[in-house]
Structure formats: structure tokens, C-alpha cells
Amino acid sequence: MSKTLDIIIRALEPDDYLDLATVFSGPNVLDGSLHVPFPSQDVWRRRVENPDTETPRLVATIDAMVVGIISLEIGEGRRRHAGDLELAVRDDYQGRGIGGALMAAMIDLAENWLGLSRLEIVVFTDNTPAITLYKRFDFAVEGTLRNYAYRGGKLSDAYTMARLAPTPA
């Protein structure tokens, strides 16, 4: 019998920087993100202490430890209806419902509180678990970004995926 995790979703707080340094140091997270290896804890402290106030950031905690983060960068001007998501779950907590909990919370915030009608995310084409998660939340592949980013010693392709908010009845 597996234990159900008590996942708490909350806003990112300044004291979370040490846990975020751990999240982004994992090989899976690093491989699936655009971050480079070996940032110092001070780099993470400055990122968390000086956030863009227009970018909602939610974290998932288990036993008061941050194990995942999702951020939403809201578009400007004629793209004010859209938001760009970034999601990361600590390597040793992947596949345990944390990404889904973060995604559900951010979609609710984006669509029901901020009035966004389009959410976008970029994912490497070989990241099958992430693609499966995004499809579960009605994201669809809209295109392939060839040679999108350098990682693991070579250029890698990525999908651009989007979700359109349900049309109100």
C-alpha cells in the first residue's frame, strides 16, 4: 500500500530559495529546463527575493519542503489574454501527482481569477512524462521548435503546446 502525499500548494516565499536550489539541481529537472548547472544558493536567493510581481509563482510542499514550482508569465499588450507556464518537480518526487496538483492550481488561477484564455508551455520533444501531463490538462502540440536549445552537448527540439480556456456557456 502506498502512502498518499499531503501536497500543499501555496505562493512562493523568500525562504524557499534553498529548496528551489535543490529542485533545479536534479538531472531530470536540469535536462528539461533552460537552466544551466551549478548556480549558487545566492543566485537562487536573489531570484526569489526579487520576483517580478506580475508573474504568479506557486510551489508544492510536502512536510513544509518545496518539491515543485510553477510560474505564469502573463503576456503584455495584445497578448494580455495569454500566459506562458514553466513547471519543475524535484527529481525524487516526479510521478507522484505533484505536477498535476501544480498545474490544476495554476490553471484555476489563470482562467478563473486572472481571466486568461490561452496558456502556453514549451517542452522538449523527448520529455514524454511532461507531454503526457500537459495533454491530460488539454494542452495540444501546436508546433515543433527545431534546434530550440542546447543541452547535453547538442541542440534539441521542443514542442510548443497550448491550452485554450473552455468557452463559457
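**Notes on the predicted model**

1. Glutamate 86 is placed in strand β4, which covers residues 82–89. The model is a predicted one, and the remarks that follow should be read with that in mind. The relative accessibility of glutamate 86 is 48%, so this residue counts as partly exposed.

2. How many salt bridges does the model contain? The count comes to 12. One of them links arginine 45 to glutamate 49, with 2.8 Å between the closest N and O atoms. Both residues lie in helix α3 (residues 41–49), and because they are 4 residues apart there, about one helical turn separates them. Arginine 45 is partly exposed, at 26% relative accessibility, and glutamate 49 is likewise partly exposed, at 41%.

3. Arginine 163 deserves a point of its own. This residue forms a salt bridge with glutamate 111, in which the closest N and O atoms are 2.7 Å apart. Since arginine 163 is in strand β7 (residues 154–164) and glutamate 111 is in helix α4 (residues 98–113), the pair ties together parts of the chain that are 52 residues apart in sequence. Are the two partners buried or exposed? Arginine 163 has a relative accessibility of 10% and therefore counts as buried, and glutamate 111, at 16%, also counts as buried.

4. The side chain of arginine 163 also meets that of aspartate 138 in a salt bridge, with an N to O distance of 3.9 Å. Here the strand β7 residue is paired with a residue in the loop between α5 (128–136) and β6 (140–151), so that parts 25 residues apart in sequence are tied together. Aspartate 138 counts as exposed, because its relative accessibility is 56%. Elsewhere, salt bridges with shared partners join Asp42, Arg45, Arg46 and Glu49 into one network.

5. The largest nonpolar core has 27 residues, and the members that touch the most others are Leu72, Leu85, Ile98, Met103, Leu119, Tyr134 and Phe139. Two or more residues of this core come from each of β2 (57–62), β3 (65–74), β4, α4, β5 (118–124) and α5. Which element gives the largest share of this core? That element is α4, with 6 residues. As general background, nonpolar side chains in soluble globular proteins tend to be buried together.

6. Two residues call for a look at their backbone angles. Most residues other than glycine have a negative phi. Aspartate 63, however, has a positive phi, near 50 degrees. Aspartate 63 is in the loop between β2 and β3 and counts as exposed because its relative accessibility is 70%. Asparagine 147 also has a positive phi near 50 degrees, although this residue is not glycine. Asparagine 147 is found in strand β6, where its relative accessible area of 48% makes it partly exposed.

7. The last point concerns serine 33, which is located in the loop between α2 (27–32) and α3. Although serine 33 is a loop residue, its relative accessibility is 15%, and it therefore counts as buried, the limit for that class being under 20%. How far apart are serine 33 and glycine 75 in sequence and in space? The two are 42 residues apart in sequence, and their C-alpha atoms are 20 Å apart in space.

Definitions and conventions. Residues are numbered from 1 along each chain as its sequence is written. This is a predicted model: local features need pLDDT of at least 70, side-chain atom pairs count only at pLDDT 80 or more; totals for chains, interfaces and linings use all residues. Side-chain values use heavy atoms; hydrogens and water are left out. Buried means under 20% relative accessible area, exposed over 50%, partly exposed in between (1.4 Å probe, protein chains only). A salt bridge is a side-chain nitrogen of Lys or Arg within 4 Å of a carboxyl oxygen of Asp or Glu. A nonpolar core is a set of buried Ala, Val, Leu, Ile, Met, Phe, Trp, Tyr and Cys residues joined through side-chain atoms within 4.5 Å.
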